[in-house]
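Here is a quick tour for anyone meeting this structure for the first time. Have a look at it below, then read on.

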Amino acid sequence: MSPPGDACAIFAVTQLERLFDMHNVVITGTGLWVAPEVISNDELVVAFNAYAKHFNEENAAAIAAGSVAAVAESSVEFIEKASGIKRRYVVDKAGVLDPARMRPHFSPRPDEALSLQAEMGVAAAKQALAAAGREAADIDMVICAASNMQRPYPAMAVEIQGALGAGGYAFDMNVACSSATFGLEQAINAVKSGSAKAALVISPEICSAHLAWADRDCHFIFGDVCTALVVERAETAQSDNRWEVLGTKLATSFSNNIRNNAGFLSRCEDRDPADRDQLFRQEGRKVFKEVCPMAADHIAGQIEALGFNAAGVRRFWLHQANLAMNQLIGKRLLGHEASADEAPVILDEFANTASAGSIIAFHRHNADLKAGDIGVICSFGAGYSIGSVVVRKS
Ligand code: CO8
C-alpha cells in the first residue's frame, strides 16, 4: 500500500534533509606499524656493490665487447646527499641484502591465514582505534589505500574489515603515493554525507617487493610500513586529540615519469618477470622538476580558497620522497626553507614509504600543536597525483 499524499511529501522532505544534513568531520586517531628490520645505507651499499662486482665479473666479456653495460658502484654519500635517506625499515632484510637475490623473501601463506598486508593493516588499525577511543565495531567503512595490493581480490580492505570485526563496507584503492590522501577524502566525504559514521583509512606499503634493488639509480629509495587513520563525525567523537577537516583537494595529471607495468596482462604478454619495467622505475630528475611546483601551487591554491595563507599554517605534513623536494616546496610556499618544525622530516628514518609518508609525519608530529592550529597533510607521486587535506586542531 502506498502512503497517502502528505506522507509521501514528508518522506521526500526527510530524504532531502538527510541528503543535505552534512556532518562535521574529524580525524581522531592514527596508527603506525613499522616493519621489523632495518637496513642502513652502509649495509645497502655493501650488498649492492657485491652484486655489481659479481655482475661485472660474470659479464666481463660482454662488457669488454660493449654489448652489456658495467654496473657502477653505489655510494652512501650520494644517497644521503641526493635524497636525505639514511635507513629504511623492511619486512625481510636478508633477501634484499643477498647479492644473489636482491629482493625480499616472503613465505606463501595458506588462504586460511591472514595475508601479510592485512596483518600490517590490522596492527596499524588497532593503534588508530585505541587512539580514537573506538572499538572495531564502531567502524562502518574500511578503505585499504596503497600503491600496491598483494592480490586483486578479494579486496585487502574486506579481509582487514573481517579480521578487525568492523561493520559496514570496505574497498581497496590505489593512487600510488597519493593513495592515503585520496582515501582520506573518500572517507571524509562518506562521513560528511552520512553514508558512514566512522571510517578507517589503512595504507600498508610493502615497497620492498616492487623496488628494483639491483638498479643503482633507485635501490635506496623505498621502505615498508603501514599507517591507519580514524575519520568520524565530530558530534560523536570521543578522542581528545581531534583534527577538524576544513577541506580536501585532489588533482591528477598523466605522466609516464613514474611507472610500473606489472599487471594481470603480463603473463599473457609472455613477459619475463625480470623485465625491468615490471618493477618501479622513474625519471627522478623530471619528477623532481615537475612535481615540486605542482605540489606547491596545489597547496597554496587550496589554503587561499579556504581563506588562509601559508604563513597561517602551523605545520605541513608533506609526502616523504626526497628531502630537497620538500625543502623546495616549503620555500615556494613560505618564502624561506621550511624548518623541521614547519615541515617535519621522517624520510631519513623511513625512506620513501609511498602513500604512508605524509601520514607518518602527521602521526609522529602532531601532539605539540594547540587548539586552533592549522596543518596541511599533502602527498604527491605517480600519476602524477596530488592530494591534500587541511585540518585544524580542535
Ligand atoms: N650512487 C652513486 N651515484 C649515483 C647513484 C648511486 N646510487 N645513483 C645515481 N648516481 C649518479 C648518476 O649516475 C649521476 O651521475 P652523472 O652525473 O655522472 O651522470 C649522478 O649520480 C646524478 O644522478 P641523478 O640525476 O639520477 O640524481 P638526482 O640528483 O636526480 O637524485 C633521486 C636521484 C634521489 C631519485 C631524485 O631524482 C629524486 O628523489 N627525485 C624525485 C623522486 C620522487 O619523488 N619520486 C616519486 C616516486 S614515489 C611514488 O610516486 C610512488 C610510486 C609508487 C610506489 C612505488 C613503491 C616501490
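## Around the ligand

Helix α9 gives the shell around the ligand its largest share, three residues. (Helices are DSSP runs of H or I with at least four residues, strands are runs of E with at least two, and both are numbered from the N terminus.) This is a predicted model, where local features need pLDDT of at least 70 and side-chain atom pairs count only at pLDDT 80 or more, while totals for chains, interfaces and linings use all residues. Residues are numbered from 1 along each chain as its sequence is written, and side-chain values use heavy atoms, with hydrogens and water left out.

Both α4 (76–83) and α9 supply at least two residues of that shell. In total, 26 residues surround the ligand, where being near means having a heavy atom within 4 Å of it. The closest are C177, H210, Q282, N322 and A382. Sorted by class, the shell holds 13 nonpolar, ten polar and three charged residues. Here Ala, Val, Leu, Ile, Met, Phe, Trp, Tyr, Cys and Pro count as nonpolar, Asp, Glu, Lys and Arg as charged, and the others, Gly among them, as polar.

## Polar contacts and burial

Which side chains make polar contacts with the ligand, that is, pairs of N or O atoms within 3.5 Å? In Q282, a side-chain N or O atom sits 2.7 Å from a nitrogen atom of the ligand. S74 brings a polar side-chain atom to 2.9 Å from a ligand nitrogen, and N322 places one 2.7 Å from a ligand oxygen. On its own the ligand would expose 1200 Å², and the protein buries 76% of that (areas by the Shrake-Rupley method with a 1.4 Å probe).

## The sheet

Now for the strands: nine of them make an open, mixed sheet, in the order β5-β4-β6-β7-β1-β8-β13-β12-β11. Two strands pair if DSSP finds at least two bridges between them. β5 (169–173) and β11 (315–318) are at the edges with a single partner strand each, so one side of each has no neighbour in the sheet. From one strand to the next, the twist averages 25 degrees.

The Y153 to P154 peptide bond is cis, with omega near -5 degrees, and P154 belongs to the loop between β4 and α7 (156–164). G383 and Y384 are also joined by a cis peptide bond, with omega about -10 degrees; Y384 is in the loop between β12 and β13.

Methods: Axes are lines fitted to C-alpha atoms, for helices over the stretch in contact, and angles run from 0 to 180 degrees between N-to-C directions. A polar contact is a pair of N or O atoms within 3.5 Å; within protein, one must be able to donate a hydrogen and the other to accept it, and residues adjacent in sequence count only if both atoms are side-chain atoms.
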